[in-house]
Amino acid sequence: MVGSEMAQGTRPRVAVIGTGGTIQSLGKDSLDLYEYGSNNGVLDAAQLVDQVQELASIAEIIPFASWTKASTAVTPSDWLVLNDQIHRVVAENPGLSGVVVTHGTATLEETAYFLNLALKVEIPVVVTGAQRPFSALSGDARLNLVNAVRVAADPASRGQGVLVVLNDEINAAREVTKTSTYRLEAFRTPDLGMLGYADPDAVVYYRRSTRRHYPETEFDVRGLAALPRVDIVYAYAGADGAAVEAALAAGAQAIVLACFAPAGTSREQSVVLIAAMERGVPVVQAARVGSGRVLAGAALRRQGFVVADNLNPQKARVLTMLGVSAGMESEGLQRLFCEY
């Protein structure tokens with residue numbers, strides 16, 4: 001039973017927007033768990049829903065196609081298209097209980113976090129994917145989709161921000177990251193843990209994310225044609241300034257440094273980064289280790305760096321892009337990382 005609507009004998013209505021990825025992919029046989037991408041077999045959203053007959057007992061599903069591509073090919077322009085589509089689907093289908101987006105897992109966390117910051121809808125939005133293709137023996141695609149629909153339809157999911165549901169676990173888009181290449185338990189929230197479970201008997205929450213999220217954010221990118229270029233530069237032993245210079249030459253309007261833990265980078269890289277900030281290009285330090293906060297120590301403040309709190313570099317890039325698109329410089333960006 002899912003929420004009060006199921007208790008009253010009426011099915012909730014959930015939109016499923018398909019964007020491709022492993023969850024919609026077909027291998028050459030049931031043991032094709034790796035090379036399926038070269039098979040060029042992909043279900044569209046309607047076909048995916050039709051193949052999972054269990055969905056009919058949970059909700060009335062309305063499928064929509066968006067793009068159909070591997071998530072390694074997803075771009076910030078695609079995020080804008082998807083954001084506009086979700087708003088359009090919700091506006092044109094009154095009475096929806098929630099929206100599910102199917103997505104490849106490689107960049108799922110980035111798309112989910114962008115939506116978490118940009119959406120202006122009131123209903124739950126859940127992003128799901130799969131580690132094994134739809135055709136696989138012991139695959140996770142069907143159950144992940146079923147559970148995502150259950151979570152999207154559950155009234156308890158309202159006001160939680162964008163949710164990521166895989167492997168029976170509910171995580172916050174802001175906090176979750178992919179931690180394994182092929183294991184089913186790939187999506188984890190370091191330090192803070194999941195929000196809850198999509199268990200066989202019920203959708204259960206144990207905590208909430210307290211950071212700002214849709215719809216109560218200051219970002220509205222509907223109709224925007226492009227997002228500003230923000231590049232991630234990696235800190236490593238002996239790093240010089242070549243990658244920073246290349247990013248600036250390519251037109252980066254801000255740089256996210258995947259910095260050492262707890263903060264900082266090599267002396268040579270720091271020189272070039274400080275020079276970039278003096279030219280008006282903000283630099284955000286986000287720890288490359290994927291766990292813990294980057295603290296705004298005296299040295300970093302004196303040098304002018306923005307610190308990303310506990311956001312990983314790829315999530316820090318998303319927030320930075322939105323901040324720069326709103327005309328923010330370092331001081332404004334630092335406020336965002338304290339609030340979002």
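In this predicted model, the charged end of R142 sits over the ring of F134, 4.0 Å from the ring centre.

| Charged residue | Ring | Charged end to ring centre |
|---|---|---|
| R142 | F134 | 4.0 Å |

Now for rings with rings. The structure holds four aromatic pairs. One of them joins F219 and Y340 in a tilted arrangement, with 5.3 Å centre to centre and 45° between the planes. This pair links distant parts of the chain, 121 residues apart: F219 is in the loop between strand 12 (203-205) and strand 13 (230-234), while Y340 belongs to the segment after helix 10 (330-339). Both F219 and Y340 are buried.

What about helix 10 itself? Its buried residues include L333, Q334, L336 and F337. Those residues are on the same side of helix 10 because they cover an arc of only 155° around the axis. Turn to the face pointing away from that buried side, and you'll find the exposed residues E331 and C338.

The largest pocket has a volume of about 440 Å³. It is lined by 24 residues, and G21, T22, Y36, G37 and A70 are the closest to its centre. Sorted by class, the lining of this pocket comes out as 14 polar, eight nonpolar and two charged residues.

Note on methods: Residues numbered from 1 in each chain as written. Predicted model: local features only at pLDDT ≥ 70, side-chain atom pairs only at ≥ 80, totals over all residues. Heavy atoms only, no water. Phe/Tyr/Trp six-rings, centres within 6.5 Å; stacked < 30°, edge-to-face > 60°. Helix = DSSP H or I, 4+ residues; strand = E, 2+ residues; numbered from the N terminus. Buried < 20%, exposed > 50% of the residue type's maximum accessible area, 1.4 Å probe, protein only. Lys NZ or Arg CZ within 6 Å of the ring centre and 35° of its normal. 1 Å grid on protein atoms, 1.4 Å probe; cavity = no way out; pocket = protein on both sides within 12 Å on 5 of 7 lines; lining within 4 Å. Points joined across faces, edges and corners; volume = space filled by probe spheres on them. Nonpolar A, V, L, I, M, F, W, Y, C, P; charged D, E, K, R; others polar. Arc of directions from axis to C-beta.
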